[in-house]
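User: I am new to this structure and would like to learn how to read it. Could you please guide me through a few features?

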Amino acid sequence: MVKPSSVREDKGIFYKIDWVLVTLYLALVFIGWLNIYAAVYDENYNHIIDLSQKYGKQMLFIIAASLLAMGILIIDPKFFSQFTWFIYGFFLFMLIIVIFSGREVSGSKGWFGIGGFGIQPAEFAKMATALALAKYLSTLDVNISRFRDQMIATSIILVPAVVVILQHDTGSAIVFLTLVIVLYRAGLHGYIPLAFILLPLLGVLSLLMNKLILSGILLVIATGFWFFSNRRVRTVMVIALLFLGSLAFVFSVDFSVNRILEVHQQNRIHVLLGQTIDLKGAGYNVNQSLIAIGSGGAFGKGFLQGTQTKYNFVPEQSTDFIFCTIGEEWGFVGSAILILLYLTLFIRIILNAERQRSRFSRYYGYGVASILFFHFAINIGMTLGLVPVIGWAYTILLFIFIRQDSSRYELV
Amino acid sequence: MERIYADRKYIIIGFFLLIGLIFLVRLFYVQILVDKYILSANNNVLRYITQYPARGLIFDRNDKLLVYNEAAYDLMVVPRQVRNPDTSALCEFLGITTADFNLRLEKARAFSSFRPSIFEAQITRESYGFLEEKLFRLPGFYVQPRTLRKYTYPVAAHTFGYIGEANPDLIAKNPYYRSGDYVGINGIEKSYEETLRGRKGMKIHVYDVLNRDKGSFREGKYDTSSMAGTNLYSSLDAELQEYGELLMTNKKGSIVAIEPQTGEILAIVSSPSYDPNLLAGNIRKKNYALLLADTVFVPLFNRALMAQYPPGSTFKLVDALIGQQEGVITPDTRYPCGGGFSLGNGKQVACHPHPSPLDLIGAIQISCNAYFCRVFRAIIDNKKFLNTRLSYENWRKLVMSFGFGRKLGIDISGELTGNIPTPNYYDKYHGKNRWRSMTIISLGIGQGEIGITPIQLANLAALIANKGWFYTPHIVHAIGRKDSLNTEYSEKHHTLVDPRYFDVVIEGMANVMTAGTATGAKLDSVTICGKTGTAQNPHGKNHSVFIAFAPRENPKIAISVVCENAGFGSTWAAPIASLMIEKYLKREIKRKEIEERMINGNLINGKTIISEGGQGHILQD
């Protein structure tokens with residue numbers, strides 16, 4: 001049993017890392033760089049290596065990230081599990097520090113400025129949280145179906161998330177919640193992740209639909225559950241509570257959106273839900289990115305031929321809206337390939353996670369997949385125009401897993 | 001124990017795939033199924049910049065440039081880019097108030113905040129120099145080069161016509177025109193619009209989100225270049241035209257001169273007129289309103305083509321020709337005249353004292369009313385027709401073969417038909433078959449319901465000069481090149497009167513000048529053949545009418561002159577025609593004293609029409 005792994009051990013790390021994952025990573029990084037180049041491309045100014053341009057910085061990043069990735073691969077994989085709590089604590093500390101001494105970038109005070117580069121501790125905190133969660137769940141006596149352990153796991157996730165909210169960066173905070181997928185894999189009851197999907201859906205419906213009709217539909221569903229249930233007192237109580245809770249949720253969402261939120265926030269939500277069309281204000285970005293992507297057609301306009309992105313009709317397309325460049329210049333074919341690449345990456349990570357002997361590695365793998373997927377899904381889903389550029393934090397996030405994976409045959 | 005949850009990976013992977021699939025479906029919809037985004041993308045970045053071609057030039061028959069283009073500039077505004085403009089300077093330059101300024105800006109914004117609209121049209125080159133210096137301080141404003149019509153001689157305004165912005169009706173009807181395009185509205189500019197306008201070009205430029213020009217779209221692959229308009233060589237003699245307008249100073253009326261062999265119009269004057277430069281560019285609106293407001297002299301009314309006068313005694317020539325053709329008279333036919341023609345009811349058509357009886361030549365020379373009333377009666381009471389209606393219809397057909405009562409089809413817009421009454425008209429007026437030659441006898445001496453335009457009168461002179469045929473009068477000799485003749489007017493029209501009947505009429509017309517009604521207008525060096533007319537005018541003093549051609553052999557010019565409310569044909573119209581003939585044939589006027597009398601003659605009750613510095617017409621006592 002031990003023999004094969006020791007043979008592999010002898011062959012060195014080069015033969016043990018998952019080159020498929022590394023290749024996917026490199027491909028996505030390269031695609032990112034190519035489209036940043038296209039997005040800020042200017043006929044009169046097109047040196048490939050120019051640190052004053054975004055694509056120049058991105059090129060520098062690729063080189064530095066490669067070095068960093070190699071560094072991670074050299075580190076003893078046990079380092080991460082042994083120092084998990086230190087890493088978690090360190091980034092939690094950084095999250096707090098940044099509130100007081102950070103730089104404000106587009107409304108959120110979550111950035112450290114280092115030279116021309118900005119570093120956002122929240123990104124690293126996600127990695128640290130994924131590590132911490134994996135560490136906790138792999139502890140021998142933890143059983144996630146136990147209430148006490150559920151509370152501790154939830155705290156590990158929520159503490160950094162709350163600190164991030166204090167930085168006025170609600171978007172990043174929500175990402176932490178995606179780690180519920182890890183808990184689910186560890187044995188958490190399926191109702192909870194289901195609630196994570198159903199609650200936002202119910203929230204959206206409560207804004208879009210007449211509340212009385214929605215209440216009626218909820219009543220019908222609850223009656224259905226009651227009818228088909230075993231009709232024990234406890235079950236009926238649960239169904240009744242869920243029904244009343246849903247009703248309360250429906251009315252409170254409507255109330256908080258239309259009464260408590262400020263007007264501009266309300267507008268954003270209405271635009272997001274397609275209730276108002278405001279092409280010059282809050283809806284501008286989404287509309288323009290749709291125009292950019294939609295005008296790409298089946299095969300796109302060709303590399304550097306995009307007009308919408310090149311002439312800045314889509315704002316910030318070199319970072320957040322990079323998918324617009326892909327959609328416009330490479331068309332449906334290019335966009336679909338990109339989506340498939342991402343899906344391959346996620347599934348590969350999960351399959352790799354499953355083959356881990358170390359529970360720590362497995363749960364961490366799920367954490368990596370969850371965080372990356374959430375970025376991918378929320379960003380493309382909201383505007384059909386956002387793909388995260390894989391940055392420092394995600395390089396580390398991913399390569400720690402690749403390192404863990406490479407040592408999967410070692411005894412735990 | 002967590003191994004038992006291993007199958008949950010399928011649920012998680014399934015969830016990932018589901019979300020991915022949703023994205024793919026959405027992308028497929030947005031990128032392949034709908035194409036509104038492609039349109040929106042083009043609207044975002046592409047600007048279609050019209051390349052306006054220069055309009056064709058117009059030359060006179062001696063290659064003098066008459067109409068040309070001068071650079072003008074439209075001041076354009078892109079409302080979104082306007083930032084704290086130096087309003088005061090611009091307002092002062094345009095002569096508008098700050099309120100006007102804001103109003104215009106609002107109007108432009110209502111059209112589009114990021115697309116250019118015209119803020120001030122057709123700023124002249126002189127003013128542009130001043131504006132250019134200010135422009136860099138006015139973000140959001142720029143100028144678009146256009147052209148402005150300019151006229152070397154301030155003459156022939158009605159003939160040239162003018163251009164103006166295409167109206168919504170035209171834009172809806174003709175896909176060539178877009179808002180802001182110019183189109184010929186009147187005169188040659190209208191009738192030769194398609195020749196003169198050339199072809200617009202289109203440049204497609206790419207603009208970024210800040211409306212900065214990023215150069216040609218796809219290296220100009222889809223651009224079209226503009227093609228300059230085609231030049232016209234008109235048959236107009238600028239000097240003669242100018243002289244004609246000078247002679248018509250302070251007179252209402254018109255002069256039309258035609259080259260008989262070709263039908264080419266040498267001069268066409270409608271007085272009062274105006275300087276055509278008044279209706280070019282951004283002063284047009286103001287001046288047009290001023291000209292339109294003058295309801296006394298109606299300067300915009302092109303009398304040469306649109307005014308319908310009874311031709312008076314000039315029509316006796318038509319009687320003489322038709323009478324011979326119908327065989328009811330010969331040159332030797334003599335009719336007595338006892339100071340008039342009795343209508344049988346105690347009334348009579350009066351005639352002036354002259355020897356009697358006269359033959360045909362003598363009757364033309366003396367312009368005997370009684371003679372031609374009898375000729376007309378003979379034509380209408382001709383026994384070969386069963387009734388008056390039939391003979392009248394025959395007469396009318398012959399008259400219309402002279403180009404009367406219908407549009408000649410000349411190439412200047414606005415021509416009217418004139419009027420040769422239909423039999424139905426008389427039926428209605430007198431009752432069916434209740435009219436006889438005596439009822440309509442005034443037609444015989446060119447009075448009554450008959451209406452003839454000056455151009456038709458000039459054409460009468462031309463067809464007599466040609467002994468029975470004419471080319472449709474036209475103003476454009478050649479298109480594009482001087483030798484590329486205007487083929488539209490190469491068809492000879494023959495009257496229904498045999499050429500042999502013309503000689504005696506011409507003889508009579510020659511006598512008019514030497515021993516007849518227009519001796520005062522005779523020219524020693526050239527034999528003029530003419531005929532005076534005095535058109536009755538129920539609204540005031542008679543109109544003075546004269547038609548002529550010269551020289552008698554191989555005629556070079558045929559002319560009609562009408563001076564409204566000027567009395568006898570011999571007093572004003574004949575001398576003016578004679579001077580025109582002298583000017584055209586000799587290029588120099590020997591009879592200075594007649595010339596001076598004609599130029600200084602004031603036939604508008606001592607008032608003076610002056611045209612001054614863009615102010616249109618001012619009437620002075």
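**Reading a helix, a core and an interface**

Analyst: The expected span is 1.5 Å times one less than the number of residues, and helices are DSSP runs (H or I, at least four residues), numbered from the N terminus. This is a predicted model, in which local features need pLDDT of at least 70, side-chain atom pairs count only at pLDDT 80 or more, and totals for chains, interfaces and linings use all residues. Residues are numbered from 1 along each chain as its sequence is written, while chains are lettered from A and ligands numbered from 1 in the order in which they are written.

User: Which residues of H16(B) are buried?

Analyst: A residue is buried if 20 or more other C-beta atoms, placed from the backbone, lie within 10 Å of its own. In H16(B) these are Thr388(B), Tyr392(B), Trp395(B) and Val399(B). They lie on the same side of H16(B), because they cover an arc of only 60° around the axis, taken from the directions from the axis to the C-beta atoms.

User: How many residues does the largest nonpolar core have?

Analyst: A nonpolar core joins buried Ala, Val, Leu, Ile, Met, Phe, Trp, Tyr and Cys residues through C-beta atoms within 7 Å. The largest has 149 residues, and helix H18 (residues 454–465) of chain B gives the largest share, nine residues.

User: How many residues of chain A are in contact with chain B?

Analyst: Contact requires C-beta atoms, placed from the backbone, within 7 Å. Here 35 residues of chain A are in contact with 30 residues of chain B. H15(A) supplies the largest share of chain A's side, eleven residues.

Note on methods:
Contact = placed C-beta atoms within 7 Å. Helix = DSSP H or I, 4+ residues; strand = E, 2+ residues; numbered from the N terminus. Buried ≥ 20, exposed ≤ 12 C-beta atoms within 10 Å, placed from the backbone.
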